[in-house]
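Take a look at the model below. Some questions and answers come after it.

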Amino acid sequence: LTQNGSGINFKFGMLYQPFNFIRFGFAIHSPTFYDIDEYYNTNLAATHDSVGYKEYLIANGDFNYQLVTPYHVLGDVAFMFRTFGFINFGYEYTDYKVMRLRADTYSFHKENKDISNLYQGVHIFKVGGELNLSPLALRVGFSHSTNPFVEQGKDGSVNQFSAGLGFRSQFYYVDVAFVHQSYKESDIFYKNCPYVYENSISKNHFIATLGWKF
């Protein structure tokens, strides 16, 4: 299966700073409108004792469809302590039930109905801060994302903790960060089943950024 696609979205944001020690932010990210082309083929090769080697072409073809992702609404407030640093509180809302699939040769009616019934809006709460020790900066943050699934017993909430170190000079900057992500995957084995399985998952990421100023 080979997929090629491109998408477009629009982002609008604004900052308002009524006083030196406080700043408000607001942003809206439109859905991303993707156009995707798929090319697929399936082959099966087998060696039989009686008839020897045979190869079968099971399926091949192409398919074009459109994917519309959710929109995002973001807001935050930052408290600034002169040149010593800041603390930021953020909120983000994403409505996954408005995702849509479209195609000229297929209706996607059932799939879009399932999306509307299975998913819900997600609230993301964030808090983070930076301590300015120029030319160094220390950063720490935490975020919690609520469950995107409607069905009881199915959980997709995520907690994320991050810590980082930055260096700034007149001509370049270096940032390194450690991100720890933890969540539980809960689901039922099949419809109307009273039993639920649960997996506890942790992921660690190390991120480094190097930039030059012109």
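This is a predicted model: local features need pLDDT of at least 70, side-chain atom pairs count only at pLDDT 80 or more; totals for chains, interfaces and linings use all residues.

Residues are numbered from 1 along each chain as its sequence is written, and side-chain values use heavy atoms, with hydrogens and water left out.

User: Is D95 buried or exposed?
Analyst: D95 is in strand β7 (residues 85-95); strands are DSSP runs of E, at least two residues, numbered from the N terminus. Buried means under 20% relative accessible area, exposed over 50%, partly exposed in between (1.4 Å probe, protein chains only). At a relative accessible area of 5%, D95 is therefore buried.

User: Why is the pair of F79 and F89 edge-to-face?
Analyst: Rings of Phe, Tyr and Trp (its six-membered ring) pair if their centres lie within 6.5 Å; planes under 30 degrees apart count as stacked, over 60 as edge-to-face and the rest as tilted. By this rule there are 10 aromatic pairs. The centres of F79 and F89 are 6.3 Å apart and the planes are at 80 degrees, so the pair is edge-to-face.

User: Which residues form one aromatic cluster with Y106 and F108?
Analyst: Y106 and F108 form an edge-to-face pair, 4.8 Å centre to centre, with 85 degrees between the planes. Their cluster also holds F63 and Y65.

Terms used: Helices (H or I, at least four residues) and strands (E, at least two) are DSSP runs, numbered from the N terminus.
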